[in-house]
Amino acid sequence: MTRRSVLVAALVGAGAAAYQALTPYLSWGWYTHVPMNWLVPETAVGVSFVAAGIAGMVRFPASRVGALMVAVGLAWFAPTVGFLIPLAIFWSLSIGFGELYLVLLAQLFVSFPTGRLRTRWDRGIVAGAYAWYVLADVASALTWHPVWPGQRPSQHNVFYAFGSPHLNEVIGTVGDVGAVVLVLVFAGTVLRHWVRASKPGRRALAPVLWATAPTGAWVIVDQLGKRVLAGARLDHAAHTLGYLVLTALPFGFLIGLLRVRFRRGAVGSLVVELGGRAGPSAGLREALARALGDPSIQILYRVRGAGDSEFVDEAGRPVALPGNDAGRSVTVLDRDGTPIAALIHDPALETEPELLESAAAAAQLAIDNARLQAEVRSQLREVRASRARIVEAGDRERRRVERNLHDGAQQRLVTLLMALGMIRDRAGLSVPADLACELDDVIGELREAIGDLRQLARGIHPAILTNEGLGAALESLAARCPVPVSISYDASRCAEAVEVTAYFVVAEGLANIAKYAKATKATVTVTQNGGGIRVEVADDGVGGVTRASGSGLRGLEDRVAAIGGTFDIHSGPGHGTSLIAELPSDAD
Amino acid sequence: MPTDTGPAPVASERQDDLPGPAVSRIRVVLAEDSALFREGLTRLLTDAGYHVTAAASDADELLRHVRGGRPDVVVTDIRMPPTHTNEGLVAALRIRGEFPDVAVIVLSQYVETTYALKLLGNNPRGVGYLLKDRVANSRELSEAIQRVVHGGSVIDPDVVGELLGRRREHNPIDELTERERDILTLMAEGRSNHAICERLHLSNRTVETHVAHIFAKLGLPPSADDHRRVLAVLAHLRA
């Protein structure tokens, strides 16, 4: 907000106020006595809005609330000023502008504390209020033709085109009812803002929320009062109260803005807090949240290799910035014109850009540090993800090879076996015995080849794992193991990559036991472990196994790590060996 | 194939003693996605005297033929389109549920007891799980079909071999004599006392005595019913 616009607002506001206050004393001679019970409150409301608005413009230049309050004040003065100029056009216009201040006030309520309409709904209802105001006003102006005794020449409606007093009455009533509905909609919207706001937003909105009910009530009374309460004493009382509410209201807005601001001193302690911390990025978010008074604050970082609008969180996970309608504000922090981080915070903090700036500056080192960590974590995530993808691609390939073997070579050999069997059957006793014997040998050989191929296919990828799950596949492994194996399986099904990994852990473990452990027995235990599963393969053999014992164990460890699990070997000499893999339920 | 018991002296098993339709009246529906194998199998069974009424290329077609034609027996591949996993097994279980009088043999490339036990469920009547290589010997396949058509059950010797061969810490099977082991194997394959007598050239009473010994050594309750017996033996071997 420039100094100049503040000056203009102050001058225009003061002029309008002075004009309104002084007009009854001027020479038009309309007033036989000066109606102080009208003049004082009427002037006070406008002055209050203009003055509070100017204070807002000066103290909270980032918020448009100040300018909006000045606008409400000027709109408040507009009709009375026009009303008192003895020209028909001013008189007619002043009638039309009578309720403009209400629409501006409504806009002020829903745009508080930034003065900006943030969501589509907010913009929609404000546009609706303006549209309703214009429509009702134009319709009324075209049909209004007042006549009363003692009417002055300047007191006639220059816009009157057609219609009757009755039509005008109907239009007026419809307009007022619409206004009442709008009041309820706006009050509901302010309430919703308060509900959805986080701490600083609520702090700012609290006085406004309190002001909503009396203001809304007054507007409703004012609208309906013209028809229902006219002339009654209640009307007088209501109006007195209404003036009081309206006069106090701008200070409610100011207090709301101030309540965001009182956090300012906390930035100093932020410097101290971050300075005294060993790991600069640890607790950065919490420290900023305390300094800014917004527990909901989030810090996102720009990392190299990410797209223009891509940010990651502390852990390096990509996060999308909230959209316009999310009820959150985004402040992008940059260094030499390059964005480095973004603060996602309550919109109320938008009224305090310097607070954000100074907090960000105080935390600059910590933010840089955290950004670098986020960058490393983001890269690590990418590497992990690509490793998992490689493992999964390998599994897919194994599955494909197994399927091709099954449906290709195995199937063809079995068909061939059948054909040979049929040849032997048909040859029957008509061929020499040695030939029949040779044929039987060939058939026997072929069956063995088919058996070998079956075992090969099974080693590449056990189909039973895909079809019947890990439990059945482990039973099948145990049945083939030359060492007695007891299996305890108590886990629900997991992602295929996880089950395949668990299967290979057990397969490799049992193969090692059979080859090297000199064990008398082995146990395989699969249990549910939090969200994932825990696989343990143990034996009572010679022990002394380490990761360096074979490339198989190293490969298992890599495989387990690729899907985000952990792999451990416990093996003291003479105390048997146990391999323990803890796997997530989902390989991500 | 270390556990393959080889071609059995089938000729000595007098199939005509069994109640039920004669071979030439047995109506078979096949299901197999490989055209070459399907045609070969059709010819093999036709040559063996069976009446192959339909040959389906997937499980849906198989179910249609079973519902439409009510065959005596279904011989189906375990793995068929669309997912190429265990459609044949699923279809077999469905047929067993819907048409208990239709016998089913599932042909598979997998030596997996899980599949065999799943197929048997708790009613082993008229059901068989065989490795595909059994087609090498038409008599072996024919014998299996007749056993299931007559309400028996058939478990592939390789599958039984795997069950029997499993190492156990305390294995009561080790206490069996060699002859008792042979009889246990034949029981696990789903054979009746009568068939065991024929196969091993033993008298009925001798076999019954062996069976009683086996059950006592394994700690199983004696069972006169062949169907209950095969389930009890398989459950014991699997445990």
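Q: Which residue in β7(A) does A:D490 stand opposite?
A: A:D490 faces A:T527 in β7(A). Bear in mind that this is a predicted model.

Q: How many bridges join β6(A) to β7(A), and do they run parallel or antiparallel?
A: Six bridges join the two strands, and they run parallel. β7 of chain A covers residues 522–529.

Q: What's the strand order in that sheet?
A: The order is β6-β7-β8-β10-β9 in chain A. That makes five strands in an open sheet, with mixed pairing.

Q: Which are the edge strands?
A: β6 (485–490) and β9 (566–571) of chain A. Each pairs on one side only.

Q: By how many degrees are neighbouring strands turned against each other?
A: By 10 degrees on average, ignoring direction.

Q: Which strands does helix α16 of chain A lie across?
A: α16 (residues 470–480) lies across β6, β7 and β8 of chain A. It runs at about 175 degrees to β6(A).

Q: And helix α17 of chain A, which strands does that lie across?
A: α17 (residues 496–517) lies across β6, β7, β8, β9 and β10 of chain A. Its angle to β8(A) is about 5 degrees.

Q: Switching to aromatics. How many pairs over all chains?
A: Seven aromatic pairs. In one of them, the ring centres of A:W76 and A:Y101 are 4.8 Å apart.

Q: Why is that pair of A:W76 and A:Y101 called edge-to-face?
A: Because their planes are at 90 degrees, and over 60 counts as edge-to-face.

Q: Where do A:W76 and A:Y101 sit in the chain?
A: A:W76 is in helix α3 and A:Y101 in helix α5 of chain A, 25 residues apart.

Q: Is A:W76 buried or exposed?
A: Buried, at 7% relative accessibility. A:Y101 is buried too, at 5%. The cut-off for buried is under 20%.

Q: Now chain B. How many helices and strands?
A: Ten helices and six strands. Buried residues make up 58% of its 239 residues.

Q: What about B:Y110 and B:Y115, what kind of aromatic pair do they form?
A: A tilted one, 5.7 Å centre to centre with 35 degrees between the planes. Both B:Y110 and B:Y115 are buried.

Q: What sits over the ring of B:F37?
A: The charged end of B:K132, 4.8 Å from the ring centre.

Key: Residues are numbered from 1 along each chain as its sequence is written. Chains are lettered from A and ligands numbered from 1 in the order in which they are written. This is a predicted model: local features need pLDDT of at least 70, side-chain atom pairs count only at pLDDT 80 or more; totals for chains, interfaces and linings use all residues. Side-chain values use heavy atoms; hydrogens and water are left out. Two strands pair if DSSP finds at least two bridges between them. Helices (H or I, at least four residues) and strands (E, at least two) are DSSP runs, numbered from the N terminus. Axes are lines fitted to C-alpha atoms, for helices over the stretch in contact, and angles run from 0 to 180 degrees between N-to-C directions. Contact means heavy atoms within 4.5 Å. Buried means under 20% relative accessible area, exposed over 50%, partly exposed in between (1.4 Å probe, protein chains only). Rings of Phe, Tyr and Trp (its six-membered ring) pair if their centres lie within 6.5 Å; planes under 30 degrees apart count as stacked, over 60 as edge-to-face and the rest as tilted. A charge sits over a ring if NZ of Lys or CZ of Arg is within 6 Å of the ring centre and within 35 degrees of the ring normal.
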